[in-house]
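User: Hi! I'd like to learn how to read domain interfaces and salt bridges in a model. Could you walk me through it?

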Amino acid sequence: MPASQPMIEARGVEKWYPNGFHALRGVDLSVSKGEVVVIMGPSGSGKSTFIRTFNALEEFQAGSISVDGIALSNDLRNIDAIRCETGMVFQQFNLFPHLTVLQNLCLAPVLVRKRRRAEVEGQAMGLLERVGIAEQAGKYPGQLSGGQQQRVAIARSLCMEPRILLFDEPTSALDPEMVGEVLEVMKALAADGMTMVVVTHEMGFAREVAHRVVLMSEGRIVEEAPPEIFFTNPQHERSRQFLAQIL
Amino acid sequence: MAANSLLASLRRELFASRGDALLSAGLLALIAAAAIGLLRWAFGQAQWVVIQANTTLFAVGRYPLDQQWRLWLLVALLALATGLSWGLLRANPRGDRSGVLWPANDRIAVAVLAFLTAWAPAALRLALPLQLRWWGITALLLALRWAAGRWGRRHPPQLLRWVPLIWPLLYLLGMVLISGGLGLIRVPPSEWGGLLLTVLMASFAILASFPLGVLMALGRRSELPLLRWGSVLYIEFIRGAPLITLLFLGQNILGFLLPGGLAPDRVWRAAWVLTFFCGAYVAEAVRAGLASVPGGQQEAARSLGLSVPQSLQHVVLPQALRIALPATVGQFISLLQDTTLLSLIGLLELLGTARTVMANPDFLGKNAEVYLTLAVLFWCCCAALGLGSRALERRLDPSHSPA
């Protein structure tokens with residue numbers, strides 16, 4: 001079971017978009033080291049916005065967030081430090097199309113961590129091996145299938161040796177037959193003790209891997225429970241409605 | 001067999017139906033009539049002596065005779081650099097993936113080059129020593145192309161990464177050779193002319209306007225209001241004014257506007273106006289390129305810890321510039337053609353030289369010969385730019401299409 005040392009600590013996070021939309025209304029969440037938290041909720045509920053505040057891709061106007069003991073503030077050095085500790089996997093993969101798979105993996109470690117290219121390439125090949133696509137290292141992202149691209153994206157995040165991985169609907173843009181291969185990689189990561197926050201609708205993954213499931217609705221956390229309770233005996237009416245819709 | 005299939009495909013393409021056949025026959029007749037007329041004029045009536053007698057004037061204007069060895073040296077160096085780069089490019093295939101040392105295109109290029117070297121100096125009735133010089137220069141280029149191709153194969157690509165550096169160095173050296181200094185006699189810009197001046201103006205403006213345009217495009221997307229509004233003001237002002245008015249304006253005010261020594265005379269003032277003009281259009285092309293890179297690219301780069309300049313340099317700009325390349329080169333091609341406007345402010349570039357030649361009583365009424373030569377010269381330069389751009393595009397294409 002996860003230890004109790006908090007990796008992410010969010011307190012009363014409020015976010016308004018420039019058009020006045022109140023996206024987050026006082027959200028609290030604490031994620032321990034080694035814990036896998038799945039965030040669910042209908043579209044527009046603020047779940048993506050919420051995890052994007054963790055690595056400062058979204059600003060927030062009130063409340064506080066600290067990641068691995070570093071407080072998120074407007075101080076750019078803190079933001080850069082947090083981004084080095086947190087990897088993010090996007091719905092649309094966002095691989096760099098002008099670089100080969102191997103170059104995609106090596107770019108940030110060489111530029112940001114100032115590591116030697118040869119050494120990073122060795123590590124990158126190991127990671128590609130781990131996600132099962134080492135033979136594609138010399139290809140460009142456009143030559144790979146969606147599932148392969150998303151596995152490259154996961155390996156790219158891992159190459160920075162992050163302490164936390166954020167997943168923003170990692171399987172939503174995939175053809176159904178490719179969802180499984182990505183989820184397998186994520187399960188293996190969870191088994192290795194990686195701290196993960198995952199926005200997803202994959203019930204099977206949540207049931208099997210998550211330590212905790214969080215349901216968001218209209219910018220608030222409605223329910224927070226271990227999966228065996230969340231899926232069988234949800235406490236709130238809103239959760240029952242949501243589960244009825246996606247089951 | 002081959003002739004048969006050619007005939008068959010011709011029949012299929014041109015004479016498929018009665019209507020097609022009529023249209024094709026009519027068009028072919030028109031084309032043939034025009035071609036026969038042109039050829040009859042070119043080889044019968046036209047008096048090419050107006051070109052033959054003025055080759056030096058068309059090439060370099062009134063550049064002092066006793067200093068022209070410097071230009072010959074520069075042409076020889078250019079041939080060397082071209083041969084070297086060409087050979088190394090083929091020895092280290094990247095984007096084009098063919099890996100052949102002598103692809104068909106190159107053999108065609110060599111044939112064209114050899115033909116031009118044999119034909120053009122003779123047709124222009126150059127003195128024999130000058131003809132020999134051109135042959136020597138071509139031989140130099142081809143020899144180096146051959147040698148570099150073989151040498152490049154046997155050396156690691158890392159070593160060859162430094163080779164492109166010879167071009168900026170050569171450009172600086174060329175400026176010294178042309179204008180003097182460092183122990184060479186000064187040749188003031190007022191004595192440059194003809195093709196030399198055209199190429200100099202165009203190349204300077206192209207090289208300087210590209211970074212300017214990229215900076216302005218980034219400025220226009222900047223979050224700093226002063227930078228953004230400054231860029232918008234600059235781009236919209238330049239794009240809203242005809243080049244010819246800017247050229248006249250530049251002659252009058254650039255002397256005060258630019259820091260001392262940058263625009264000392266009319267030639268350099270015109271060069272800066274061309275640069276600023278082209279820069280505004282390049283900025284718009286680059287802005288379109290930047291806009292077409294999905295926001296997720298920047299987000300992914302930032303989420304990996306790259307700083308804003310790092311993500312621009314390594315992620316966003318490489319993609320944006322590749323997309324902006326065709327439009328940018330299109331701008332460069334119009335810029336090259338726009339250099340003819342310099343004749344209106346009294347500079348003796350190609351068109352200005354042509355006008356002085358046509359005003360010479362010895363060559364009255366030889367306008368058609370002169371203008372045709374000019375058109376062909378400009379077409380060659382623009383075609384070269386276009387070919388280069390397409391080759392670069394292919395080389396930068398990371399084979400997006402799924403294999």
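Analyst: Happy to. Let's start with buried area: it is the accessible area (1.4 Å probe) that two parts lose on being put together, summed over both. The size of an interface is often given as the accessible area lost when the parts come together. This is a predicted model, in which local features need pLDDT of at least 70 and side-chain atom pairs count only at pLDDT 80 or more, while totals for chains, interfaces and linings use all residues. Residues are numbered from 1 along each chain as its sequence is written, chains are lettered from A and ligands numbered from 1 in the order in which they are written, and side-chain values use heavy atoms, leaving out hydrogens and water.

User: How is chain B divided, and what area is buried between domain 1 and domain 2 of chain B?

Analyst: The bounds come from an automatic or database domain assignment, with domain 1 of chain B covering 55-187 and domain 2 covering 188-398. Between these two domains of chain B about 1,700 Å² is buried, and carbon and sulfur atoms give 64% of that. On the domain 1 side, Phe58(B), Tyr171(B) and Val187(B) lose the most area to domain 2, together 36% of what that side buries.

User: How many residues of each domain of chain B are in contact?

Analyst: Contact means heavy atoms within 4.5 Å. By that rule, 21 residues of domain 1 of chain B touch 22 residues of domain 2.

User: Which residue forms a salt bridge with Asp106(B), and are the two buried or exposed?

Analyst: The partner of Asp106(B) is Arg145(B), with the closest N and O atoms 3.0 Å apart. Helices here are DSSP runs (H or I, at least four residues), numbered from the N terminus. Asp106(B) sits in helix α6 (residues 104-123) and Arg145(B) in helix α7 (residues 128-153) of chain B, so the pair ties together parts 39 residues apart in sequence. For accessibility, buried means under 20% relative accessible area, exposed over 50%, and partly exposed in between (1.4 Å probe, protein chains only). Asp106(B) and Arg145(B) are both buried.

User: What does the salt bridge of Arg239(B) and Glu236(B) look like?

Analyst: Their side chains meet at 3.9 Å, N to O. Arg239(B) and Glu236(B) are three residues apart in helix α11 (residues 225-239) of chain B, so about one helical turn separates them. Arg239(B), at 34% relative accessibility, counts as partly exposed. Salt bridges that share partners join Arg220(B), Glu236(B), Arg239(B), Glu284(B) and Arg287(B) into one network.

Notes:
Salt bridge = Lys/Arg side-chain N within 4 Å of Asp/Glu carboxyl O. Helix = DSSP H or I, 4+ residues; strand = E, 2+ residues; numbered from the N terminus.
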